Amino acid sequence: MTAASSASRRPRPKHSRLAWLALLLVAVATLAVIAIPVYLIMPFKSQTPRALDISFQLKRWSPSATALGLLATVALTIYLWRCCRWFKRTVLVLLIALAALLTWLARQNHFEWMFHPLPAAAFAKVDDATFVTDTDQVMTITVNDEAVAYPIRQMAYHHVVEDTVGGVPIAATY
Amino acid sequence: MWERNVDGRTLNFHLSGINNQNFIMRDEQTGSWWQQVSGLCIAGPLKGKQLQLVAHDELPFALWKREQPTGRVLMPDERVAAKYEPADWEEQYARLRVVTPTSPDDALKPRDLVIGITVNGAAKAYPMAKLEQQAPVADTLGGAPLVVLLDASKKSVRAFERTVDGRALSFSLKQGAAQFTDAETGSTWEFTGRAVSGPLAGRQLRRVNVLKDYWFDWKIYHPDTAVY
């Protein structure tokens, strides 16, 4: 039995137009779920409470929404595969690639691409801190007699540094 | 600076967005969003919760070294050290754009640096330019007599309640020294708020939290603020 004869026995999809429409809708919807919050909470733009709320909800649901989108895209591609020849099949494969990309993006934090976090912050004794000059500004706290300085030139990049000072878990933020 | 304990749970925060030029952090545990400058949770399961403030200073490194010779200092992360802010970051930041609406009849410009103080619900902004000329500044805010001190570099600010034993003191700069004198007892005080000589030697003024901020940002979070 050749591949061709097996293909001829399987019927062509009956609702291929509907399936193509569904594919397109899934692609547009998942793209919007990812792109809208990126657009709304762009730096050097003004944000409204409503824009923040929309962004929060979209980001919250985007991991499951994009995973479902990927699943639906794969299912519709299997259904549609017999419909057509290489050109449309290439489109199907590209749509799967897009869905996979969006599913991955939903699990990324692009703000931490721009400003790498510092999950394991390291510290030096005062006398060994040759990387800070006397006139550099530092953010400082003292908790239960433990004193820590966070140079602002570093803080303005990382923005958030977690620490435990004098037994108290804190977030140094700038 | 914020405590990471909320309702008996320790949270881990990540940079996750920006809201009118102040960043948003997300906690790993609940996914809620928190505003950096106010410590308020603005979205998610913990919405409405407030992080506990940990009082902090912004000081020149030399001054902090003198005050805390046994402290520890955050080390640079070598992988990203090239991206750290340059030494003149303050001048560069002052030129950055402001995107929120500003009032044309405002006496202050959006990027003017102010020292923001809140006492008993009353908020006031003390422009840095004014403090540089007039500090130590005596004022009363929310019913509390305060003094705002500047260090010798004129960059760092601390505020204290200036009442000692029921008497409000008035401070002036001690000539030729980075110290202060009160008119009532003639005691000498340091930038730490501690009296080092005179009748009140050994006494410590109570700290009042200050926030160094841009005027536009302070105004967003304290719309009813007074200006010194």
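Two residues are taken to be in contact if their C-beta atoms, placed from the backbone, lie within 7 Å. The structure described here is a predicted model, in which local features need pLDDT of at least 70 and side-chain atom pairs count only at pLDDT 80 or more, while totals for chains, interfaces and linings use all residues. Residues are numbered from 1 along each chain as its sequence is written, and chains are lettered from A and ligands numbered from 1 in the order in which they are written.

The C-alpha trace of chain B spans about 55 × 45 × 40 Å along its principal axes. Of the 228 residues in chain B, 36% are buried, a residue being buried if 20 or more other C-beta atoms lie within 10 Å of its own, exposed if 12 or fewer, and partly exposed in between, with C-beta atoms placed from the backbone.

Within chain B, 4 strands form an open antiparallel sheet in the order β4-β5-β6-β7. Because β4 and β7 (41–43) of chain B stand at the edges with a single partner strand each, one side of each is left without a neighbour in the sheet. From one strand to the next, the twist averages 40 degrees. Two strands pair if DSSP finds at least two bridges between them.

The pairings can be followed in turn. Strand β4 (residues 13–19) of chain B pairs with β5(B) in the antiparallel sense over 6 bridges, and His14(B) has Arg26(B) in β5(B) as its bridge partner. The hairpin of these two strands has 2 residues between them, and Asn20(B) takes a positive phi near 50 degrees there. Strand β5 (residues 22–27) of chain B has 5 of its 6 residues buried, so it is largely enclosed by the rest of the structure. β5(B) in turn pairs with β6 (residues 33–35) of chain B, antiparallel over 3 bridges, with Arg26(B) opposite Trp33(B) in β6(B). In this second hairpin, which has 5 residues between the strands, Gly31(B) takes a positive phi near 75 degrees. Finally, 2 bridges join β6(B) to β7(B) in an antiparallel arrangement, and Trp33(B) stands opposite Ala43(B) in β7(B).

Axes are lines fitted to C-alpha atoms, for helices over the stretch in contact, and angles run from 0 to 180 degrees between N-to-C directions.

Within chain A, the axes of α3(A) and helix α4 (residues 86–105) come within 8 Å and cross at roughly 165 degrees. That makes α3(A) roughly antiparallel to α4(A), the class for angles over 145 degrees. Residues in this contact include Leu70(A) and Val74(A) in α3(A), and Leu95(A) and Ile96(A) in α4(A).

Between the chains, 56 residues of chain A are in contact with 51 residues of chain B. Among the elements that give two or more residues to the chain A side are α3 (49–80) and β2 (137–143) of chain A; β2(A) gives the largest share, 7 residues. β2(A) also pairs with strand β8 (residues 57–60) of chain B in the antiparallel sense over 4 bridges, and Gln137(A) stands opposite Pro60(B) in β8(B).

Technical notes
Angles under 35 degrees count as roughly parallel, over 145 as roughly antiparallel, 65 to 115 as roughly perpendicular and the rest as oblique.
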